[in-house]
Protein chains: 2
Amino acid sequence: MSTAPRTRLSSDERRSQLLDLGVRLFAKRSLAEISIDLLAETAGVSRGLLYHYFGSLAGFQEAVVRRAADDLIARTAPPAEGSTATRLLVSVRAYVEFVDESYEGYLSLVTGARSGNESLWAIYEEARAALTDRVFAADADHLLEDTPATRLLVRGWSALAEEMVLEWKARGGVSRDQVVELIAGALPVLAGALPPAG
Amino acid sequence: MSTAPRTRLSSDERRSQLLDLGVRLFAKRSLAEISIDLLAETAGVSRGLLYHYFGSLAGFQEAVVRRAADDLIARTAPPAEGSTATRLLVSVRAYVEFVDESYEGYLSLVTGARSGNESLWAIYEEARAALTDRVFAADADHLLEDTPATRLLVRGWSALAEEMVLEWKARGGVSRDQVVELIAGALPVLAGALPPAG
């Protein structure tokens, strides 16, 4: 029988709470700014406990990024009902809102992934693949045949989406709703301009 | 009066030849693989001469990337005559051919620029700005009003172009002509889907 007080969190719960805190920090700071010291201070726990749960700072950062990527994938899930256009709009809006709220962290993930950090790259690629695969899975109106050309186009569209939202965050100039509409509106017209699959 | 033999190259000519060699090496190798030793061996000159011209390995790499970026901008200049669509197609074809021929170097430039190397980032951004500004300058048919929304869209289109050509190089699946047509075809349909400027 456990003699622990009822308020004591299980190891899994405590790890999960620390990770939540990491994700909140990640929203407003680059990965490079998230240190074990900062986390220990903010969470009011010992550095030793953090190393116990995550092994190293890189291990902690990787766990934070994985959690953030999972959040992104979950939040951008299109609704089950509605036209392809509506579901696309809802999904893109959730993506733009995510980047808007987690800009510093998202930017550092993109930068870290592209700078040759293999763990970050794997998580980044997994999230991108999930988001683009979903376009085909959720394409109830058969806007897109699944061909090498449409795969390439959707991949290009995801880069367009990322660039537009990061550029908008950096420079402004248009409203968030406009960014959402520009990105969501781009995919159907790109698909519509494709020659029919041979 | 100079007593140098007629065949001796001027300092500028020799520097320029070394740079040409660097650009040729850059096409088939990442920046990280281009060393002063490799260059000295390939060019048959002393390491000291290379340091004399370029100061450091970073100085040499930066000069090579700047030359490559200038080449890219020059090669992708649209022809003076023809419809906007034709000029766009010619320019995009030159871009795709450039990346096709200089894949390793181009990829390492993109990676280096995004990984926080400020000199490389400046050159990369300068090239991207030249390419996207040109869309507006060369837009004789007034496909695009120059507004914050169209600027954002053209920036997104340039990311789409880069992603599609790098993805095509990495995975294949479609022909080079198809990639050119997909990229060049994307801009007019994206522009056409924009709401009229208010």
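Trainee: How many helices and how many strands are there in chain A?
Mentor: This is a predicted model, and what follows is read from its computed coordinates. Read along the sequence, chain A follows the pattern α-α-α-α-α-α-α-α-α. The count for chain A is therefore, with helices and strands taken as DSSP runs, 9 helices and 0 strands.

Trainee: What share of the residues in chain A is buried?
Mentor: The C-alpha trace of chain A spans about 65 × 40 × 30 Å along its principal axes, and the chain exposes about 9800 Å², of which carbon and sulfur atoms supply 51%. A residue counts as buried when its relative accessible area is under 20%. Of the 198 residues in chain A, the buried share is 46%.

Trainee: Which residue of chain A does B:W157 touch?
Mentor: The largest nonpolar core has 126 residues, and B:W157 is listed with A:V96, A:W157 and B:V96 as having the most contacts inside it. Within its own chain, and not counting residues up to four places away in sequence, B:W157 touches residues including B:L88, B:V92, B:V135 and B:I183.

Trainee: Is A:S91 buried or exposed?
Mentor: A:S91 lies in helix α5 of chain A, which covers residues 84-101. Leaving aside neighbours within four places in sequence, A:S91 is in contact with A:T76, A:P78 and A:R134. Since its relative accessibility is 14%, A:S91 counts as buried.

Trainee: What distance separates the C-alpha atoms of A:L144 and A:V154?
Mentor: A:L144 lies in the loop between α7 (118-137) and α8 (148-171) of chain A, and with a relative accessible area of 8% this leucine is buried. A:L144 and A:V154 are 10 residues apart along the chain, and their C-alpha atoms are separated by 9.4 Å.

Trainee: How far apart in space are B:E41 and B:A161?
Mentor: B:E41 lies in helix α2 of chain B, residues 36-43, and B:E41 is exposed, with a relative accessible area of 68%. B:E41 and B:A161 are 120 residues apart in sequence, and from C-alpha to C-alpha the distance between them is 36 Å.

Trainee: Which residues is A:F54 in contact with, leaving aside its neighbours within four places in sequence?
Mentor: A:F54 lies in helix α3 of chain A, residues 47-54, and at 7% relative accessibility A:F54 counts as buried. A:L25, 29 residues apart from A:F54 in sequence, is 16 Å apart from it in space, C-alpha to C-alpha. Contact means heavy atoms within 4.5 Å, and the residues in contact with A:F54 are A:R15, A:L18, A:L19, A:G59, A:F60 and A:A63.

How values were computed:
Residues numbered from 1 in each chain as written. Chains lettered and ligands numbered in written order. Predicted model: local features only at pLDDT ≥ 70, side-chain atom pairs only at ≥ 80, totals over all residues. Heavy atoms only, no water. Helix = DSSP H or I, 4+ residues; strand = E, 2+ residues; numbered from the N terminus. Buried < 20%, exposed > 50% of the residue type's maximum accessible area, 1.4 Å probe, protein only. Areas by Shrake-Rupley, 256 points an atom, 1.4 Å probe, with all protein chains shown as cover. Core = buried A, V, L, I, M, F, W, Y, C linked by side-chain atoms within 4.5 Å.
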